[in-house]
Amino acid sequence: MIGFDIEHISRIKNEERLLEKIATENEIAYIAKFKNKKEKVATLWASKEAVFKCLNVTKENIAYKDIELSHLENGKPIILLHNEALMLAKGKTVEISLSHTKDIVGAVAILM
């Protein structure tokens, strides 16, 4: 399955409140390192939405925090699944690709 999401960075109005709702402690710590927090939060949001779509579930089925966006040492984004999301993946992994422009971020997630 493939999931895709695109977000306008300008739609992020209160990034701190959104982070409380959707982000793990590791994601919050990672985003805190950057000046362009709205872009990072929009990217996180798009990532999680793309994963929901590739798992063919909704936020009623799993929690946002069960999907974690992380990065390898070389900067490559990876998805870590926890709890119900991990069970729904049935032993498969989720690959993620992220992109952005000045105003828009996008994410593609593939269940492999």
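At what angle do helix α2 and α3 pack, and how far apart are their axes? The close-up views below take up this question and several others, using a predicted model.

**View 1. Helix α2 packs against helix α3.** Welcome to the pair from the opening question: α2, residues 25-32, meets α3 at an angle of about 150°, and their axes are 9 Å apart. The crossing of these two helices is right-handed. On the α2 side, the contact is made by Glu27, Ile31 and Ala32, while α3 brings Lys37, Lys40, Val41, Leu44 and Lys48. Sorted by class, this contact of α2 with α3 has four nonpolar and four charged residues, and no polar ones.

**View 2. Helix α1 meets helix α3.** Here you can follow α1, residues 15-22, whose axis comes within 10 Å of that of α3, with a crossing of roughly 30°. Because angles under 35 degrees count as roughly parallel, α1 is described as roughly parallel to α3. The crossing of α1 and α3 is left-handed. Look for Glu15, Glu16, Leu18, Leu19 and Ile22 on α1, which make the contact with Lys37, Lys38, Val41, Leu44, Trp45 and Lys48 of α3. This contact of α1 with α3 divides into six nonpolar and five charged residues, with no polar ones.

**View 3. Three strands form an open sheet.** Reading across the sheet, the order is β1-β5-β4, and the pairing is antiparallel. Strands β1 (2-8) and β4 (94-100) stand at the edges with a single partner strand each, so one side of each has no neighbour in the sheet. From one strand to the next, the twist averages 15°. Helix α3, residues 37-55, lies across β1, β4 and β5, and runs at about 155° to β1.

**View 4. Strand β5 pairs with β1 and with β4.** Let us start with β1, which is joined to β5 by seven bridges in an antiparallel arrangement. One place to look is histidine 8, whose bridge partner in β5 is isoleucine 104. Turning to β4, we find that seven bridges join β4 to β5 (residues 104-111), again with the strands running antiparallel. In this pairing, valine 94 stands opposite leucine 111 of β5.

**View 5. The side chains of β1 alternate between two faces.** In a regular strand, side chains alternate between the two faces of the sheet. Which residues of β1 point to the buried face? They are Gly3, Asp5 and Glu7.

View 6. Strand β2, residues 67-71, pairs with β3 in the antiparallel sense over five bridges. Two partners in β3 make handy landmarks: leucine 80 is the bridge partner of glutamate 68, and isoleucine 78 is the bridge partner of serine 70. Five residues lie between the strands of this hairpin, where glycine 75 takes a positive phi near 95°.

**View 7. Strand β3 has a covered and an uncovered face.** To finish, take a closer look at β3, residues 77-81. Pro77, Ile79 and Leu81 make up the covered face of β3, whereas Ile78 and Leu80 belong to the uncovered one.

Notes: Residues numbered from 1 in each chain as written. Predicted model: local features only at pLDDT ≥ 70, side-chain atom pairs only at ≥ 80, totals over all residues. Heavy atoms only, no water. Pairing = 2+ DSSP bridges. Helix = DSSP H or I, 4+ residues; strand = E, 2+ residues; numbered from the N terminus. Axes fitted to C-alpha atoms, helices over the stretch in contact; angles between N-to-C directions. Contact = heavy atoms within 4.5 Å. Left-handed = near helix turned anticlockwise from the far one by under 90°. Nonpolar A, V, L, I, M, F, W, Y, C, P; charged D, E, K, R; others polar. Parallel < 35°, antiparallel > 145°, perpendicular 65-115°, else oblique. Buried < 20%, exposed > 50% of the residue type's maximum accessible area, 1.4 Å probe, protein only.
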